[in-house]
Amino acid sequence: MAQQQNPQQNAAAETEQDINILKKIRMDKLAELQAAGNDPFTITKYDVTAHAADLKADYEATEARLKEAANGDEEAFQASLEPLKEQIVSIAGRIMSWRDMGRANFIDVRDGSDRIQVYVRMNDIGGKEAFKEFKKWDIGDIVGVKGFVFRTKKGEISIHAQEITLLSKALLQLPEKWHGLKDQDTRYRQRYLDLIVNPNVKQTFVTRSQIVREIRAYLDGIGYLEVETPVLLPLQIAAAARPFVTHHNTLDMDMFLRIETELNLKKLIVGGFDRVYEVGRIFRNEGMDPSHNPEFTTIEMYQAYTDYHGMMDLIEDMYRTLAKKICGKDIISYQGTDIRLGEPWERLTMAEAVKKYAGVDYNDWATDADARACAKEKGVEVEEGENATKGHVLIAFFDTFVEEQLIQPTIIYDYPVENSPLAKRKPDDPAFTERFEYFIDCTEYGNAFSELNDPIDQKGRFERQVAERKAIEPDCKAQVDYDYVNALEYGLPPTGGLGFGVDRLVMLLTDSASIRDVLLFPTMRPESN
């Protein structure tokens, strides 16, 4: 008995059949071109002298100047436009639409800057046979156009083609004009197609490039040096993030893709650099959601002779500067919420934040047992037994009650030592560290410390961290980075350090809801054949 297909399967099969038929038609056209000695894939270059956006802007400016010079005389103005027909330009791009008017056709060509209309008339491009061949081309084909710029009777700035060349043949049809490419899964998998049919997507990635460029300019401008550190590391540190593992054949050893750039950058501070940063690709073998991708970009920076208060001032000023440079203002809209980046950011200790939003005072807990009892009373989940210290409970209260309240930019500082293995303890209260994170729209955007530079304390924290990790995961390969401890023994000056995710910042400044919208090629499960 034949297996029945549901309507969706039938529709998909019909769609695939249609695609194959249309591809066959285009393949036949290509074969005809090749048989006639006109294989477009043999063309190696095309002399591009102009781009669509510049042509339109320049023509408008020229028109305005000539109109002013004509002083209201329309006949004189039209006469002044005639010499422009002698100014031949050449552009190249993809045919995005086609209007057949018989012996004259209009096509829209999009290059890397914008789209522009092209007027193609039979007598201007070589006569009947040349025009006949031109009309066999398809939407999606890549063409070169030579001609002059003019304005049509309907008012659209266009190119009057005098020569048009097929530079590359598109064998697959673009998505239908009015509906475009809407399916998100397809958009992420076939970003090249997404960029072709959704011009606003391209702008997101242009903006991303501008953001990174402005961050570099900001840090370079205050004396930071950009450096590069290894992506492949010889050991797995005991941080909570799970690494990707690979194998180095020559050394016959496992290596780990980095989950941070921190330790190597601080080694450079030991070595005598006062201010360093890295735009670093990071890899974490963890889950995916709208704000997480296994492969992402961070910027970490370290500055000698400052502390976490200095880094608070830096990041607040950087975000304000970026907003003005990228968005033109320091109040931006993100997913319907106005974010006031220009106003002074609220700064609260973690204990103050928990007291403000959960109504619980850390200072009322005389013992760890008191903290656990309070958590039980308030319905906050914490580990049983001695592992749930006052610090652990405070963190749990913060996660449960506070983070969801932090809509406007807020700096939360003075974190318990329990979750801050690389931060310096507060001299007046060693249960806490000089660490802060900053939050916008209920999301953590970055993390900073007064860096721990006591090698004895650091060694002890690393060893406890490894022991705790292996108690949970006996097969874990985590090790203490004794080379980093060794570096500290040569002396790390008082140092402030800060790291933040570039992708989340791009999401914020481009009003993008998902991290996949700001990654050109987000991680995806492969499609089955």
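Let me begin with a convention: two strands are said to pair if DSSP finds at least two bridges between them, and helices (H or I, at least four residues) and strands (E, at least two) are DSSP runs numbered from the N terminus. What we have here is a predicted model, in which local features need pLDDT of at least 70 and side-chain atom pairs count only at pLDDT 80 or more, while totals for chains, interfaces and linings use all residues. Residues are numbered from 1 along each chain as its sequence is written, and side-chain values use heavy atoms, with hydrogens and water left out.

I will start with strand β3, residues 115-121. With strand β5, residues 157-168, β3 pairs in the parallel sense over three bridges, and Y119 has H160 as its bridge partner in β5. On the other hand, strand β2, residues 104-110, runs antiparallel to β3 and is joined to it by seven bridges, with N105 partnered by V120; these two strands form a hairpin with four residues between them. Strand β3 is also mostly covered, since five of its seven residues are buried, where buried means under 20% relative accessible area, exposed over 50%, and partly exposed in between, for a 1.4 Å probe and protein chains only.

There is also an open sheet of three strands, in the order β7-β9-β8, with antiparallel pairing. Because β7 (232-233) and β8 (245-248) stand at the edges, each with a single partner strand, one side of each is left without a neighbour in the sheet. Between β8 and strand β9, residues 253-257, the antiparallel pairing extends over four bridges, and H248 stands opposite M253 in β9.

Turning to the interior, a nonpolar core is a set of buried Ala, Val, Leu, Ile, Met, Phe, Trp, Tyr and Cys residues joined through side-chain atoms within 4.5 Å. The largest such core has 41 residues, of which M301, M318, Y319, F436 and F500 touch the most other members, and helix α9, residues 308-327, supplies its largest share, nine residues. If we set aside residues up to four places away in sequence, Y319 touches L341, W345, Y438, I440, Y445, F500, L505 and L508, contact meaning heavy atoms within 4.5 Å. A second, separate core of 32 residues includes F131, V143, V149 and I157.

Finally, is T204, buried or exposed? This residue lies in helix α7, residues 199-221, and T204 counts as buried because its relative accessible area is 16%. Leaving out residues up to four places away in sequence, T204 touches T510, S512, D517 and V518.
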